[in-house]
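Here are my notes on the model you sent over, as numbered points.

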Amino acid sequence: GIVFTHCRPLHLCLEPVAKAYRDCAKIGDSEWLVTNAALFATLSFQCGKELSSVEIFLNEAEESAKKWKTTTGFHNTRPLYQAILNLMGKANHPTLLEGDAISFTKEISNERGREMVQTTSRLQLYQMRVAYMFGDLDLAAHIVQESHGTEGVFFGKYEACEHLFYDGLVSFACARKTNEDKWTTFAQDSVGKMRRWAENA
């Protein structure tokens, strides 16, 4: 069920992961069922699939997981799920990762208490993303100040690129708005890393 997304185009990874998910459902491998479902949903979002189709898949996959009494792994998809709801206009406050799927404020506190670094970074990624996309630059900047330089916690997952990309966008916007050297440095750091990654892709 593992596909190395950092060395193949993302869209080519969708079908192998979908097949792994279907195979796990057939043989009753609940652990890898959840792992592949979460990976497929994340890849679908990253590849620009229709948001409603990703939402439907997440709901159906979670129901399948409930049959095997193994829904714990779906907790990792909650930030993604809430971001999808925000982008579809199904959240009361689109700039906040708060709604039916998750409460950013509550979850970030819980995860920091458990020192779950990757989960905390995933929460920050999606909160930064919706804040930037819906125009709350102050909130996005706050997340960047807390998380700049931490993209490495994703251990080569595509989320590392997403994190760095939005870090750079927010930093450039803040640099234009404030003329503070700090933001220019952050922006240049993000561009430099992205350039190195592109050269070695």
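1. Before anything else, keep in mind that this is a predicted model. The numbers below are all computed from it, and residues are counted from 1 along the chain.

2. Let's start with helix H8, which spans residues 158-178. Its partner here is helix H6, residues 117-133, and the two axes come within 10 Å, crossing at roughly 40°. An angle under 35 degrees would count as roughly parallel, and the H6/H8 pair is therefore classed as oblique. As for handedness, H6 and H8 make a left-handed crossing.

3. Who does the touching in that crossing? From H6 you have Ser121, Arg122, Leu125, Tyr126, Met128, Arg129, Tyr132 and Met133. H8 answers with Glu159, Glu162, His163, Tyr166, Asp167, Leu169, Val170 and Ala173. Sorted by class, the H6/H8 contact comes to nine nonpolar, two polar and five charged residues.

4. H8 also packs against helix H2 (residues 30-46), at an angle of about 40° and with the axes 11 Å apart. H2 and H8 are therefore oblique to each other, and H2 passes H8 in a left-handed crossing. On the H2 side, the contact residues are Thr42, Phe45 and Gln46; on the H8 side, they are Tyr158, Glu159 and Glu162.

5. On to the rings. A pair of aromatic rings is described by how far apart the centres are and by the angle of the planes. There are six aromatic pairs in the structure. One of them is Phe165 with Tyr166, with centres 5.4 Å apart and 85° between the planes, an edge-to-face arrangement. How accessible are these two? Phe165 has a relative accessible area of 42%, so it is partly exposed, whereas Tyr166, at 9%, counts as buried because the cut-off is under 20%.

6. Trp183 and Phe186 make another edge-to-face pair, with ring centres 5.6 Å apart and planes at 85°. Both residues sit in helix H9 (residues 181-199), and being three residues apart there puts them about one helical turn from each other. Trp183 and Phe186 are both buried. Elsewhere, Tyr21, Phe40 and Phe57 come together as one aromatic cluster.

7. Leaving out residues up to four places away in sequence, Gln82 touches Ala91, Leu97, Glu98, Gly99, Asp100, Ala101 and Ile102. Ala101 lies 19 residues from Gln82 along the chain, yet their C-alpha atoms are separated by 5.2 Å.

8. The other one is Thr119, which belongs to helix H6. With a relative accessibility of 11%, Thr119 counts as buried too. Again setting aside residues up to four places away in sequence, Thr119 touches Asn76 and Glu111.

Technical notes: This is a predicted model: local features need pLDDT of at least 70, side-chain atom pairs count only at pLDDT 80 or more; totals for chains, interfaces and linings use all residues. Side-chain values use heavy atoms; hydrogens and water are left out. Rings of Phe, Tyr and Trp (its six-membered ring) pair if their centres lie within 6.5 Å; planes under 30 degrees apart count as stacked, over 60 as edge-to-face and the rest as tilted. Buried means under 20% relative accessible area, exposed over 50%, partly exposed in between (1.4 Å probe, protein chains only). Helices (H or I, at least four residues) and strands (E, at least two) are DSSP runs, numbered from the N terminus. Axes are lines fitted to C-alpha atoms, for helices over the stretch in contact, and angles run from 0 to 180 degrees between N-to-C directions. Angles under 35 degrees count as roughly parallel, over 145 as roughly antiparallel, 65 to 115 as roughly perpendicular and the rest as oblique. A crossing is left-handed if the near helix is turned anticlockwise from the far one by less than a right angle, and right-handed if clockwise. Contact means heavy atoms within 4.5 Å. Ala, Val, Leu, Ile, Met, Phe, Trp, Tyr, Cys and Pro count as nonpolar, Asp, Glu, Lys and Arg as charged, and the others, Gly among them, as polar.
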